[in-house]
Protein chains: 2
Amino acid sequence: MLVDDHPAFRKGMVALLDSEPDLRVVVETGDGSEALELYRQTKPDVVLMDLRLPGMGGVEAIMAIRKEFSDARVIVLTTFDMDEDIFRAIQSGAKSYLLKDTPEDELAGTIRAVHTGREILPQKVAERLAARRRRADLSQRETEVLSLLTKGRSNKEISNSLFITEDTVKAHLKTLFAKLNVKDRTEAAINAIRQGIVHLE
Amino acid sequence: MLVDDHPAFRKGMVALLDSEPDLRVVVETGDGSEALELYRQTKPDVVLMDLRLPGMGGVEAIMAIRKEFSDARVIVLTTFDMDEDIFRAIQSGAKSYLLKDTPEDELAGTIRAVHTGREILPQKVAERLAARRRRADLSQRETEVLSLLTKGRSNKEISNSLFITEDTVKAHLKTLFAKLNVKDRTEAAINAIRQGIVHLE
DNA sequence: ACCACTTTTACCCAAATGGGTAAGTGACGA
DNA sequence: TCGTCACTTACCCATTTGGGTAAAAGTGGT
């Protein structure tokens, strides 16, 4: 099954895969919210899933499918390579994560490998995941503070939003800066955005 | 001519376009630095160009082609829709700017229109350009300061980098905040990143 | 019971930041 | 020549921010 919202890309991918004798695209869609229903109907061996989808995002679609079919084999295939996206995709149960500029032989090889139950991660992706694991993870509250920070909020505004004291906000920021290994709020915001911890727009 | 570094997308686009009786992909490449040479050889009626290309970026490729062939008709076809990317692409001489999720009939229509010499901008893109024009533009120096700001530099660090006083940096920041309509450096950095004025990575 | 961690608050103090005002230079065009 | 604008510097002052230290309360696991 192929889930991607670019018609041209789908068409090309179908042609590419169908030229392999042992691979076939049985169903395709551009809508994440359709993915689960189509999976139920067709029970494909492997799912190729883009992360940026209109309506339901790719990660949610993966989770929905794997909630009902825990043995579903999903390969993430996307243009974006932001750390947090990769992490969430793997967390949600994806077996592999490929960027769209992957050469076609590697692509076919990965599909076959995943189909036989293996998990394949290109070294580039594995490195990112390792980096992500190395990064101390943030507590719930720290994430909330960081999120408001990346919206340009001041300490006072953050404290009001979260119904806590400004002193508390500052305390969170101290640990936050240490964990992110930055020296001030601007750097923290930039890192958070670049690493995909928070999303703009 | 089709310039895009995703083989699957190219394949799909070729199939899509060749199914139109009056359209044909005469040459394709995934490398921006090859684009000029291929253009010289084939003189295509219209160029479809992705902006994110390995090696030479899409904008540079467009400029290189239009420097030698000022009548070249280029349509930008990309996944990214950041304001500044759109602006630079149009500045560099692109006749149209489409996102990759454009339905195929609109795509074919745009290619024909551009071929007859027209310039076509989708509503969405036109709005972005208008917004960009509304935005007060920054002076050379202000852009430099903003760029360092988005790297997390402090006023003192910025002043050292630019060989000016910290007071001067603060003066630039004052006008910068006013022009960007933000209240502090963090907001300025966030806006600059979101609007694509500066690029991460 | 004890430890580790999160969340919360507080206080002190130094440094960085932001706003206001003023003013000199040089360049460019009316 | 005059006005505008970019760039530069300076000073004053209020606010914000960040670092250090401390500690209470709650949670969850060993």
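Which residues is B:Ile75 in contact with, leaving aside its neighbours within four places in sequence?

1. B:Ile75 is in contact (C-beta atoms, placed from the backbone, within 7 Å) with B:Val46, B:Val47, B:Leu48, B:Met49, B:Ala94, B:Lys95, B:Ser96, B:Leu98, B:Thr110, B:Ile111 and B:Val114, neighbours within four places in sequence left aside.

2. This is a predicted model, in which local features need pLDDT of at least 70 and side-chain atom pairs count only at pLDDT 80 or more, while totals for chains, interfaces and linings use all residues. Residues are numbered from 1 along each chain as its sequence is written, and chains are lettered from A and ligands numbered from 1 in the order in which they are written.

3. Chain A has an average pLDDT (the predictor's confidence in each residue, from 0 to 100) of 90, with 98% of the residues at 70 or above. Confidence in chain A is lowest in helix 6 (residues 123-134), with a mean of 77, and highest in helix 8 (residues 155-162), at 97. Helices (H or I, at least four residues) and strands (E, at least two) are DSSP runs, numbered from the N terminus.

4. In chain B, 5 strands form an open sheet in the order 2-1-3-4-5, with parallel pairing (at least two DSSP bridges between two strands). Strand 2 (28-29) and strand 5 (96-99) of chain B are at the edges with a single partner strand each, so one side of each has no neighbour in the sheet. Strand 1 (residues 2-3) and strand 3 (residues 47-49) of chain B pair over 2 bridges; B:Leu2 has B:Leu48 as its bridge partner.

5. Contacts between the chains join 26 residues of chain A to 26 residues of chain B. Helix 1 of chain A gives the most to the chain A side, with 9 residues.

Key: Contact = placed C-beta atoms within 7 Å.
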